[in-house]
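Dear colleague,

I am passing on the structure we spoke of, which you will find just below. My notes on what turned up in it follow after that.

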Amino acid sequence: MISPYVRRLRLAQELRDRRQAAGITSQELAKRAGVHRQMVSRLENAHVPPDQDDVLALLDALGVEGREWTELVTIANEAASRGWWEGSAKQMGERQALFANLEAGADTIRDYAQALIPGLLQTPEYTRARIELSDDRPMAAGATLDGVLRGRANRQRLVRRSGSGPEYESVIDEIAIRRLGVPSDVLSDQLISIAKACEEDERIRVRVLPVDARFDNYAVPVCAFGIYTYANGDPGVVAIEAVTAENVLTEKSDLGAYERIFEGLWKGALSADASHDYLIKTAEGLRPC
């Protein structure tokens with residue numbers, strides 16, 4: 001399915017562009033359509049899932065017809081749809097549900113992991129260890145260990161689905177590997193898992209960013225992030241990871257800035273072959289003699 005969150009952004013953009021092209025305010029549009037002005041504002045800012053009747057009224061007021069009408073109604077329906085994560089969002093964690101939403105229907109996913117292995121590559125044992133050993137970072141209200149593990153497994157299945165999954169590129173900072181965030185045996189198996197994933201699926205490409213990597217203009221990365229792009233004209237988004245929440249950026253200028261940052265990270269990282277060798281060698285070094 002296509003991300004309902006991103007379809008809301010697309011619908012907001014389409015409605016706003018058509019209203020501005022008509023030279024009318026949101027209040028004037030609301031009056032013509034017979035709806036509340038606040039509803040027009042919420043739709044144009046992608047704050048709420050759309051109600052089909054409201055969207056139809058706005059399209060009629062804007063004089064949208066033919067193929068454009070059909071396309072926008074389709075976008076509105078998809079923006080209002082419920083993803084597989086909706087019913088278990090509490091159990092899997094609201095943050096993880098947001099990632100599942102952004103990943104749905106993505107054409108490309110690129111992420112930079114600064115301190116931990118990225119969720120789309122984590123083994124169940126790695127995820128479990130992070131949760132069970134992190135007493136100072138309790139799970140969100142309603143989240144359960146089983147729910148988090150199921151949610152992560154479903155996300156990985158959908159991203160790695162044959163034939164229609166996205167291209168996935170990840171830059172993993174050496175710090176996330178060298179600074180133990182889980183027991184050494186768990187991390188060893190995790191690194192082997194990443195190497196095997198790259199061997200088995202050409203759409204998965206992972207590079208390791210050395211601590212001593214050099215960047216043009218000393219543009220060192222300051223936070224972990226993910227970049228999601230979509231087909232069909234939908235806008236791309238950036239998700240910046242924080243300790244307890246995510247900040248989703250939707251402006252084109254932000255997307256372009258983070259794409260340039262990622263290009264610099266990719267350029268500064270080890271090659272694919274060297275990264276593979278590094279993962280295997282490090283994993284072997286973590287095993288007891």
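**A helix and some aromatic pairs**

Helix H7 (residues 94–103) is largely enclosed by the rest of the structure, because 7 of its 10 residues are buried. The buried residues in H7 are Gln96, Ala97, Phe99, Ala100, Asn101, Leu102 and Glu103, and H7 is followed by Gly105, whose phi is positive, near 75°.

Please bear in mind that this is a predicted model. The protein has an average pLDDT of 93, with 98% of the residues scoring at least 70. Among its elements, the highest mean pLDDT, 98, belongs to strand S3 (residues 204–209), and the lowest, 88, to strand S6 (residues 246–249).

On the aromatic side, searching the whole structure gives 4 aromatic pairs. One of them is formed by Tyr112 and Phe225, a tilted pair with 6.0 Å from centre to centre and 50° between the planes. This pair links distant parts of the chain, since Tyr112 lies in strand S1 (residues 108–113) and Phe225 in strand S4 (residues 225–229), 113 residues apart. Tyr112 has 2% relative accessibility and therefore counts as buried, and Phe225, at 2% relative accessibility, counts as buried too.

A stacked pair is formed by Phe262 and Trp266, with 5.8 Å centre to centre and 25° between the planes. Phe262 and Trp266 are 4 residues apart in helix H12 (residues 252–268), so about one helical turn separates them, and both Phe262 and Trp266 are buried.

Finally, Tyr112 and Phe225 belong with Tyr258 to one aromatic cluster.

With best wishes

Definitions and conventions
Residues numbered from 1 in each chain as written. Predicted model: local features only at pLDDT ≥ 70, side-chain atom pairs only at ≥ 80, totals over all residues. Heavy atoms only, no water. pLDDT = per-residue confidence, 0-100. Helix = DSSP H or I, 4+ residues; strand = E, 2+ residues; numbered from the N terminus. Buried < 20%, exposed > 50% of the residue type's maximum accessible area, 1.4 Å probe, protein only. Phe/Tyr/Trp six-rings, centres within 6.5 Å; stacked < 30°, edge-to-face > 60°.
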